[in-house]
Amino acid sequence: MPEFLSELLNQNEIFTATTVMHYWGGLTTTVQLVFLSLVIGLLMAVPLAILRTVRNPFVSGPVWLYTYLFRGTPLLIQLYIIYYGIGQIEGIQETFWWDIFRDPFYPALLAFTLNTAAYTTEIIRGALMATPPGEVEAAKAYGMSWALRMRRIILPSAFRRAIQAYSNEVIFMLHASAIASVVTIVDLTGAARDIYSRFYAPFTAFIAVALIYMALTFLIVYAFRRLERHLLKHQSPLNQ
Amino acid sequence: MLDFHGYGPELLRGAIVTTELAFAALALALAIGLLGASAKLSGSRSARGVATFYTTVIRGIPDLVMMMLFYYGGQVLMNQLSDYLYYNHGIDFFVQFDPFMSGVLTIGLIFGAYMTETFRGAFLAVPTGQIEAGRAYGMNRLQVFCRIMFPQMLRHALPGIGNNWQVLLKTTALVSVIGLSDMVRIAEQASKAEHAPFKFFIPVAVMYLSLTAITELAIKWLNRRANAGVVGGI
């Protein structure tokens with residue numbers, strides 16, 4: 001940390017170099033948790049959404065059940081079931097999985113991933129269902145196989161339609177990640193709780209962290225707006 | 001099969017607390033939503049500014065952080081106010097900031113912001129000709145609002161209110177974190193004491209699922225009623 005910054009912080013009662021570093025650690029944990037769960041969740045959601053649109057109920061049914069259960073119950077309950085439940089699985093304490101899941105980060109990551117994958121599956125499914133039939137017919141007329149059609153026509157078109165709803169899901173996930181602090185993870189909210197209990201200064205501790213979350217939210221909104229403008233360029237008016 | 005180790009009645013009481021919390025927060029959110037939508041659609045620039053600031057700020061902050069700010073911060077503010085009133089004016093006034101109140105306040109404020117957007121869109125969906133017709137009949141602004149705007153707006157707002165309600169219901173689980181004895185907190189305590197997480201959390205999850213399912217039916221019924229006068233195309 002630069003000299004003048006630490007000098008400035010030393011004059012402040014609460015925001016000393018130690019607490020700022022505590023917030024910084026929380027920020028990196030939050031960003032890691034949210035980013036990883038979003039990426040893995042998205043990778044899971046694309047095949048699940050395709051399966052969800054299959055006509056055979058034995059294929060789409062289980063996916064429907066999965067999204068229904070994970071969207072119909074609070075994320076906090078899912079987190080508790082995974083966090084407390086994993087230790088209850090017989091024999092897990094002898095396997096290497098126990099070394100991984102003993103750290104609360106990984107149960108939380110699992111819960112967040114399964115949750116965001118369920119929501120994203122439904123978002124992508126909606127976009128897939130809204131594919132104009134003409135696009136599919138044209139692809140078929142060109143003699144494209146199912147896989148080629150999916151890769152070149154249907155999925156890119158669906159992603160463009162899904163991006164608006166997906167940006168909301170990303171923000172939702174960032175905000176939902178605050179509950180990681182409940183299972184002893186020191187994320188941004190966890191850091192704020194620590195600082196609150198050390199100084200008994202609720203406003204300073206929580207408003208500071210609220211401002212960080214707000215900055216992150218606006219950053220996400222801005223990034224998605226840029227991405228949207230890039231992806232939907234063909235739809236924008238000519239003289240702009 | 002269902003053995004709650006004697007926690008059954010307490011879990012049921014927790015479920016009632018959850019439902020009360022959800023309905024109280026919904027009432028507050030609907031009131032704030034109507035106010036916010038009126039502010040956003042009003043001619044006053046400052047009212048629009050305040051409403052926009054409110055909805056923007058709320059959407060940037062996680063619900064849990066806000067809940068903690070209200071719960072821990074609210075008590076500190078209350079203590080200061082109480083001290084001030086007592087020493088300067090001799091008034092003995094004190095309110096204990098309990099988790100239930102903080103929960104209703106936070107969830108109501110958060111969903112008030114979402115309801116504001118829902119109501120705003122719904123008010124805009126009422127054709128201006130209808131309002132002009134009401135004015136032409138000699139109705140005053142309040143009459144136009146009660147007889148024309150509100151009933152027609154409701155039809156457009158109901159699907160949005162339904163979606164917000166489903167999210168609101170799940171958000172109530174967070175209040176267990178600041179110490180409200182709702183069903184989530186009781187399940188957590190019971191599962192810790194009995195070392196049986198699945199036994200307590202899965203019934204609570206099923207409870208949430210059935211609450212959303214029941215209220216979804218109710219919203220469908222309300223929707224049908226609100227749309228009774230609409231000639232459907234299909």
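This is a predicted model: local features need pLDDT of at least 70, side-chain atom pairs count only at pLDDT 80 or more; totals for chains, interfaces and linings use all residues.
Local features need pLDDT of at least 70 and side-chain atom pairs pLDDT 80 or more, while totals for chains, interfaces and linings use all residues. Residues are numbered from 1 along each chain as its sequence is written, and chains are lettered from A in the order in which they are written.

**Exercise 1.** Compare the annotation with the secondary structure in chain A.

Step 1. An unreviewed UniProt entry assigns "transmembrane region" to residues 31-51, 63-85, 105-124, 170-191 and 203-224 of chain A; such annotations, given in the numbering used here with feature names shortened, may be inferred rather than shown by experiment.

Step 2. Residues 105-124 of chain A are 100% helix and 0% strand, with end C-alpha atoms 28 Å apart. Helices are DSSP runs of H or I with at least four residues, strands runs of E with at least two, numbered from the N terminus.

Step 3. Residues 170-191 of chain A are 50% helix and 0% strand, and their end C-alpha atoms lie 22 Å apart.

**Exercise 2.** Describe the side of chain B that touches chain A.

Step 1. Contact (C-beta atoms, placed from the backbone, within 7 Å) joins 26 residues of chain B to 27 residues of chain A.

Step 2. Helices H3 (63-89), H7 (183-194) and H8 (197-226) of chain B each give two or more residues to this side.

**Exercise 3.** State the confidence.

Step 1. Chain B averages a pLDDT (the predictor's confidence in each residue, from 0 to 100) of 87.

Step 2. The model has ipTM 0.86 and pTM 0.88.

Notes: Two residues are in contact if their C-beta atoms, placed from the backbone, lie within 7 Å.
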